[in-house]
Amino acid sequence: MTATTQQRVPAGTARAAAPSPSTAGLRARRAARRRQLTACGVLMTPFFALLVTVFLIPVGTAVYLSFYSDDQPGLGFGPERTVFVGLRSYAAVLTDPTFLGGLGTVALYCLIYIPLMVAGALALALLLDSGVVRLRAFAQLGLFLPHAVPGIIAALIWLYLYTPGISPVIDLFARADITIDFLGVHTVIPSIVNIALWSNLGYNMVVFYAALQAVPREVIEASVVDGAGPVRTALQVKTPLVRASIVMVAIFTLIWALQLFTEPMLLSQSSPMINSRFSPSMYIYDAAFTRNNYGLAAAASVVLLVCTIALSYGVTRFTSRADVAEEAR
Amino acid sequence: MSATDSSLSRPKLLGRTTVNVVVAVSVLYTLLPVLWLVLAAAKNRDALFGSDLLSLSDFSFVQNLEDLFAMDGGLYGRWYLNSLLYAVLGAAVGALLSVACGYAFDKYRFRHKEKLFGLVLAAVMVPQTVLALPLYLMASEAGLVNTFWAVFVPVLFNPFGVYLGRIFSRGYVPDEVLEAARVDGAGELTTYARVALRMLGPGLITVFLFQLTAIWNNFFLPMVMLSDQDLYPVSLGLYQWNSSASVSPEYYPVVIMGSLLAVLPLILAFVLLQRFWRSGLTAGAVK
């Protein structure tokens, strides 16, 4: 809140310096300017109040907690006191094999999931945009439907489809004499990727499709006149034109993927392959609410936050450099 | 539009067939699990384990529905109402706040505006799991843990809604309209409420729908904040029932039926508000 009220001061002074016929006119304009700033403040204050209470203060608290610890001197009989421990929690987190394992799991998950998601959604959008698909409206609606299925329920549906005895998929494989364990050592990450892919493929397809619809038709017609086939048009003309959406989808997918929690949390009810510290988010939950080690949980949160920001920034930089290279060509 | 480009390029019949097969397979991939949910919801427990999914002999849809609402003293109905309250009220209030803020970002000039907007965008990136512990500690200090407010207040915060609000405001509310209102002597806030908000209608509905989905899906925050089952949303309730199901299998049919019912409100919302969210996606994507 304070942030907005401070920031909103003049800025109008620059405009007031413009030629003004009379002081009365100037005064009237200043009054109008003041009214506008008041209105601006009224419109912004509720949101920024929320931003401060549920975002800035919590982030600050997480950073603060990561440097402190509740120590109980005298074998735990003395009064509890909070002491500054510097980077001790960070050292503990970064040398904890279960946390590093969780980071590795999420890295692998991202490496499989993000390329599949972006390429799959883009391919489907390009196919739908090519104009040869029958029943296009129905196809779009069908692809989009899983987006209306809450994450936990998507995980539930797939958990049942992965469970021997209930699953028609496993039955089908069994009839062909193939035994498949979807929740085994090597299959559990692909199984989670599948759930996420199923949930979000259609949504991202619609985002890409919307962007493709905004591509000027003349550009496409020109490429066709130049003799480019439909595949070439799609890959070399349309795709570069929707790069902004591709970057946006990639970043959002990345941010969500790094938070991996709901699906493994649910699958862990049935799979011994998923422990309570399977992903960094599960590690944080476990540290905070099972082990009550707030310093450790906070340090792990900050590490996750830094990874998220660094990777998102990296994607933005990487793509903007690609933009520059493209323009230089 | 697309008709012209297909007549221009005339892909070969083989290519056409391949494209249609690929799309059809993808649609089957997305639809079949939902279809399974519908069919499985109509099975009794014994039929669920074993019998042919398509046979109608063990049809017990109504029975499952009755069981669902009778289980644990009608908890499910309670959860459903909670979810509706968190999601509909939260999304309505949240969307109004975000769009108002996005509008102000678009229409007013003040110092450090872009820096402040950068802060809003940065908030989009921060994982919810990072905020959960501090929010829990703050709520427990304020005595709000395990209350409606502990879940309701944090979900109102929707920085992406501010971003969309700014884009919509630029697209839908011409500056001339505001100038005209000012010349007429209308107050700034009156202009916003009477004129601009109406023009922002479709954008507001898009933000509302996105937030409705997010809150309805919310699982982590309620899990951290709530221990009283009576306050649970559907997502957390089903999670808990599913964990009981491995011990007492009578929960399986109710979890499946409960999942089916929990999918309906969002499908309904998306279908009814289709016209609006499609334009919203375009605005968000094309920027």
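Select domain 1 (2-84) and domain 2 (97-328) of chain A, with bounds that come from an automatic or database domain assignment. Between them, 6 residues of domain 1 of chain A are in contact with 6 residues of domain 2 of chain A; contact requires C-beta atoms, placed from the backbone, within 7 Å. On the domain 1 side, α3 (23-67) and β1 (68-71) of chain A each supply at least two residues. Helices (H or I, at least four residues) and strands (E, at least two) are DSSP runs, numbered from the N terminus. The largest share of that side, 4 residues, comes from α3(A).

This is a predicted model: local features need pLDDT of at least 70, side-chain atom pairs count only at pLDDT 80 or more, and totals for chains, interfaces and linings use all residues. Residues are numbered from 1 along each chain as its sequence is written, and chains are lettered from A and ligands numbered from 1 in the order in which they are written.

Next, show chains A and B together. Their contact takes 89 residues from chain A and 81 residues from chain B. Helix α2 (residues 13-41) of chain B gives the most to the chain B side, with 13 residues.

Now turn to the largest nonpolar core, which has 175 residues. Such a core is a set of buried Ala, Val, Leu, Ile, Met, Phe, Trp, Tyr and Cys residues joined through C-beta atoms within 7 Å; buried means that 20 or more other C-beta atoms lie within 10 Å of the residue's own. Select A:A125, A:L156, A:F208 and A:A300, those with the most contacts inside the core. Finally, centre on A:F208, which touches A:A121, A:L122, A:A125, A:V242 and A:S245, not counting residues up to four places away in sequence.

Notes: A residue is buried if 20 or more other C-beta atoms lie within 10 Å of its own, exposed if 12 or fewer, and partly exposed in between; C-beta atoms are placed from the backbone. Two residues are in contact if their C-beta atoms, placed from the backbone, lie within 7 Å.
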